[in-house]
Amino acid sequence: MDEIQKKILYQVAELDSLPVGAYNIRANGKSAARNSTANIEIIPKTDKSGIDIVIKENTTNESVHIPVVISETGLKELVYNDFFIGDNSDVVIIAGCGIHNCGGQDSAHNGIHTFFVGKNSKVRYIEKHYGEGDGRGKRLMNPRTVVHLSEGAQMKMETSQIAGIDDTLRSTTADLAENSKLEINESVMTTGDQNAVSEFTADLNGENCSCNIISRTVARDKSTQHFTSRLNGNNVCSGHSECDSIIMDQACVLATPELLANSTEASLIHEAAIGKIAGEQIIKLMTLGLTESEAEEQIISGFLK
Amino acid sequence: MLELKNISYSIDNKLILDDISLKIEDHFVAVTGPNGSGKSTLAKVIAGIIDPTEGSIFLNGEDITSLSITERANKGISYAFQQPVRFKGLTVKDLMALAAGKTTKIAEIRNMLKEVGLEPNDYLYRSLDGSLSGGELKRIEIAMIFARSSNLSVFDEPEAGIDLWSFQKLIHVFEKMVRKNSGNVVIISHQERILNIADKIIYIKNGRVEKYDTKEKILPDLLNSVENISQNGGVV
């Protein structure tokens, strides 16, 4: 990998050398490095672009890194990554994609991640998206995440779009079996004339399953954002979704929550708040010695943390 | 030493502060007076949150009237809000570190939280949001002031909005602060127990300083003011 690729790899996965454990690093549409372990096997797909990540049952305290970097202008890819996580496992999966575009053509990464999480397994999934480069070509990112949680499975997703993505459609769908639990923390910042659409749909099918979605976004300049969440409560279950947005400048934010209860025992809650930074927050930080712009940056970085 | 010279402030043709001149040289000065008398406005004028319509403010001889909130903070003026500000995402540790400066070690922040009666492990990594009670927020606000090692600390009604139990703990914190003798402290309060630990008391009414003297001279009069007690439910 060249220096630009190494830099964006660090931004999305905090890697400055090959990670410990299983990994597949994809650069400009090709595998740049790959490693399987005794418990985690990474197998390239033969019918389409992407990989299968097969994690043996009872695998614990192991991690998989699958970052993607794109530095070639005009490169557009569609990648399918399927995760098969065996029962009773406890693993961390670090994904993410960074695009550096200095050219005149659009670069795009469309990643479809499908998780089959086995019974009583725990997965922590971290995904960062980042873009940079001063070319006229856009940086486009369309992640689609599909989660199937088996009985007693738990998944915690921490997804973020740090900066530099011109247009994105972030789609997450999930179905939850008995006693399973899904927790999603999303943070997105848009600037300039960027556009971000984030869609969540969770089918709470199993008895006593639960889903908690928290999305925090900041929209600056003339950027636009649209957050949609739909919780379908089909059993004795609990669902909560929360969308908090800070709006600045001439930005536009739309939040459209939906709750559907198909059971009298479904407990579903939605909260949405859109507003500018409170003046008293800025004043408070100024009384601690920060300038107005420093205060604003602190508030935003804390909010998105 | 803080000096106010002929400070007035009016808004919408209403005079809130009326030609206030005073010098604050003592370690612990309490400002009291009826609701709406201009106490909080005075505190905000000192911190730079509100610009006076007329008059000048001097800190240790330097005219700070035209300085911004940030510049005054960097001169050593701290201000504790009557209603502590909440932040989604920023943790107690984040704010304490901002208050104390970038070089502050985590052990020092822990000690400051202990000073205000908070167990660091329970609070350091909590977001300063609605999950904290009014009393907890007040004590964190005060810990931030401790962290700044200010020349002048201004507290706007620290007792407001907290229960009796939290107030008792707060009193201990201020008693400790008095003993530590670090910089000047100006505290706006209606509470006798706070007025009792002050070196001097300023009594403000209708935007004017009516009395400014030692607590021994002022407090008995205030406590005997039956009319004001019945009107305001406090000592004034």
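Modeller: Let's start with helix 1 (residues 39-47) of chain B, which lies across strand 1 (2-11), strand 2 and strand 4 of chain B and runs at about 60° to strand 2 of chain B. Helices (H or I, at least four residues) and strands (E, at least two) are DSSP runs, numbered from the N terminus. Axes are lines fitted to C-alpha atoms, for helices over the stretch in contact, with angles from 0 to 180 degrees between N-to-C directions.

Colleague: Before we go on, where does the model come from, and how is it numbered?

Modeller: It's a predicted model: local features need pLDDT of at least 70 and side-chain atom pairs count only at pLDDT 80 or more, while totals for chains, interfaces and linings use all residues. Residues are numbered from 1 along each chain as its sequence is written, and chains are lettered from A and ligands numbered from 1 in the order in which they are written.

Colleague: OK, what's the strand order in the open sheet of chain B?

Modeller: The order is 2-1-4-5, four strands with antiparallel pairing. Strand 2 (14-24) and strand 5 (62-63) of chain B are at the edges with a single partner strand each, so one side of each has no neighbour in the sheet. Pairing here takes at least two DSSP bridges between two strands.

Colleague: And how many bridges join strand 4 and strand 5 of chain B?

Modeller: Two, in the antiparallel sense; strand 4 of chain B covers residues 54-59. Phe58(B) stands opposite Asp63(B) in strand 5 of chain B.

Colleague: Switching to helices: at what angle do helix 3 and helix 6 of chain B cross?

Modeller: Roughly 30°, with the axes coming within 7 Å. That makes helix 3 of chain B roughly parallel to helix 6 of chain B; angles under 35 degrees count as roughly parallel, over 145 as roughly antiparallel, 65 to 115 as roughly perpendicular and the rest as oblique.

Colleague: What about helix 4 and helix 6 of chain B?

Modeller: Helix 4 (residues 106-115) and helix 6 (residues 134-148) of chain B have axes that come within 9 Å and cross at roughly 130°. That makes helix 4 of chain B oblique to helix 6 of chain B.

Colleague: Last one: how many residues of chain B are in contact with chain A?

Modeller: 18 residues of chain B contact 18 residues of chain A, where contact means C-beta atoms, placed from the backbone, within 7 Å. Helix 2 of chain B gives the largest share of chain B's side, four residues.

Notes. Two residues are in contact if their C-beta atoms, placed from the backbone, lie within 7 Å.
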